[in-house]
Structure formats: C-alpha cells, structure tokens
Amino acid sequence: MTAYDPNNIFAKILKGEIPSHKVYEDEHTYAFMDVMPMVDGHCLVIPKQGSRNLLDADPAVLAGVIATVQKVAKAAIKGMGAEGCQIRQFNEAPAGQTVFHLHFHILPLRTGDSVKPHVGGMADNAVLARHAELIRAAL
Ligand code: 5GP
C-alpha cells in the first residue's frame with residue numbers, strides 16, 4: 001500500500017493550516033463538518049495520528065476513533081433533529097476514497113431524506129457553521 005502522506009488536506013486541517021468547522025476534539029481525535037455535505041449535518045471524524053485509511057491504522061487508534069464516531073453520531077442525530085445515521089468509510093481510490101487520512105463520515109438522516117452524491121457541491125460556510133453549532137450544542 002502507498003505510504004501515508006503527512007501533507008494531505010486533513011493533516012493540514014489538524015495543523016490549523018486549513019480552516020474547518022470544528023464539532024468536537026479530544027486528545028486523539030477531531031471531528032468537523034464535511035465541506036461537500038451529502039446531507040445536512042454531514043460531519044467527519046479523524047484520528048490525530050496519521051494513517052492512510054482503516055487498513056494501515058493502529059487498532060488502538062481505531063478504538064479511540066470509533067468511540068468519537070459514536071459520541072458525535074449521537075450529537076449529530078440530536079442536533080440535526082434526525083432519527084438515525086449512516087456511518088461511511090472508504091479505503092483506497094477504487095472504493096471511493098479521495099482524502100488519504102483515515103476518516104469516518106457521519107450522515108444524520110430522517111425518514112424520506114435523500115443522500116446527495118459523494119463529493120458533490122460545496123456548502124455555504126454560514127450553513128456549515130450553523131450545523132456545527134447545532135451538533136456541538138447536542139454533545
Ligand atoms: P472520502 O472520499 O475520502 O471518503 O471523503 C473525503 C471527504 O472529505 C469528502 O466527503 C469531501 O467532501 C471532504 N473534503 C474534501 N476536502 C475537504 C476540506 O478541505 N475540508 C473539509 N471539511 N472536507 C473536505
């Protein structure tokens with residue numbers, strides 16, 4: 001497998017070199033809004049330790065990341081007034097991965113919601129900021 005590239009876009013977000021709408025952070029993980037949301041409230045959870053994806057991740061890191069996924073998923077459902085959520089995670093380009101730093105997608109969903117295509121249009125910054133605030137308030 002190709003080596004982890006520490007200059008990927010999510011590594012830059014972790015270093016504060018690229019802005020993001022933060023939802024949650026602890027010692028080992030970071031959660032923020034996806035700039036091209038597939039549904040309202042679409043957010044991402046990443047480990048601070050770099051790995052390309054699930055396949056090369058340290059299992060101890062995975063345990064921490066999935067705990068944050070659970071925490072943020074509950075807040076995303078509550079904050080966005082959803083009824084459930086999808087968790088998506090892609091490994092390598094043929095499987096749909098476009099950013100090569102491990103991440104889990106959280107998509108809060110209500111009955112009848114339609115999911116937009118993966119990596120579609122950019123959302124308005126003010127909308128992302130409002131959704132991040134709703135999710136943070138539900139943590
Ligand atoms: P993947 O296809 O690798 O599973 O998903 C990468 C996700 O990152 C996509 O949903 C895409 O919208 C999102 N994304 C790409 N660039 C940025 C960025 O600069 N900031 C944020 N917040 N999300 C990004």
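Reader: Which pocket does the ligand take up?

Author: The ligand takes the space of the largest pocket. Keep in mind that this is a predicted model.

Reader: Which elements give two or more residues to the shell around the ligand?

Author: Those elements are α1 (9–14) and β2 (29–33). The most comes from α1, with three residues.

Reader: Which residues come nearest to the ligand?

Author: There are 18 residues around the ligand, and the nearest are D34, T98, H103, H105 and H118.

Reader: How do the shell residues divide into nonpolar, polar and charged?

Author: The shell has 11 nonpolar residues, six polar ones and one charged.

Reader: Back to D34. How far is its polar side-chain atom from an oxygen atom of the ligand?

Author: That distance is 2.4 Å for D34. For H118, a polar side-chain atom is 2.5 Å from a ligand oxygen.

Reader: And which residue has a polar backbone atom 3.5 Å from a ligand nitrogen?

Author: That is V35, through its backbone.

Reader: How much of the ligand's accessible area does the protein cover?

Author: On its own the ligand has 520 Å² of accessible area, and the protein covers 93% of that.

Reader: Change of topic. Where is N91 found?

Author: N91 sits in the loop between β4 (84–88) and β5 (104–109).

Reader: Does it count as buried or exposed, and why?

Author: N91 counts as buried because its relative accessibility is 18%, and the cut-off for buried is under 20%.

Reader: What does the side chain of N91 reach?

Author: It reaches the backbone nitrogen of L54 at 2.9 Å. The N91 side chain also makes a polar contact of 2.8 Å with the side chain of Q89.

Reader: What about phi of E92?

Author: Phi of E92 is near 80°, which is positive in a residue other than glycine. E92 is also placed in the loop between β4 and β5.

Reader: Is E92 buried or exposed?

Author: E92 is buried, because its relative accessible area is 19%.

Reader: Where does V119 lie, and what is its phi?

Author: V119 lies in the loop between β5 and α3 (125–137). Phi of V119 is near 55°, again a positive value in a residue other than glycine.

Reader: How does V119 count in terms of accessibility?

Author: At 40% relative accessibility, V119 counts as partly exposed, since that class runs between the 20% limit for buried and the 50% limit for exposed.

Definitions and conventions: Residues numbered from 1 in each chain as written. Predicted model: local features only at pLDDT ≥ 70, side-chain atom pairs only at ≥ 80, totals over all residues. Heavy atoms only, no water. Near = heavy atom within 4 Å. Polar contact = N/O pair within 3.5 Å; in protein donor to acceptor, adjacent residues only side chain to side chain. Areas by Shrake-Rupley, 256 points an atom, 1.4 Å probe, with all protein chains shown as cover. 1 Å grid on protein atoms, 1.4 Å probe; cavity = no way out; pocket = protein on both sides within 12 Å on 5 of 7 lines; lining within 4 Å. Sits in = over half its atoms within 2 Å of the grid points. Helix = DSSP H or I, 4+ residues; strand = E, 2+ residues; numbered from the N terminus. Nonpolar A, V, L, I, M, F, W, Y, C, P; charged D, E, K, R; others polar. Buried < 20%, exposed > 50% of the residue type's maximum accessible area, 1.4 Å probe, protein only.
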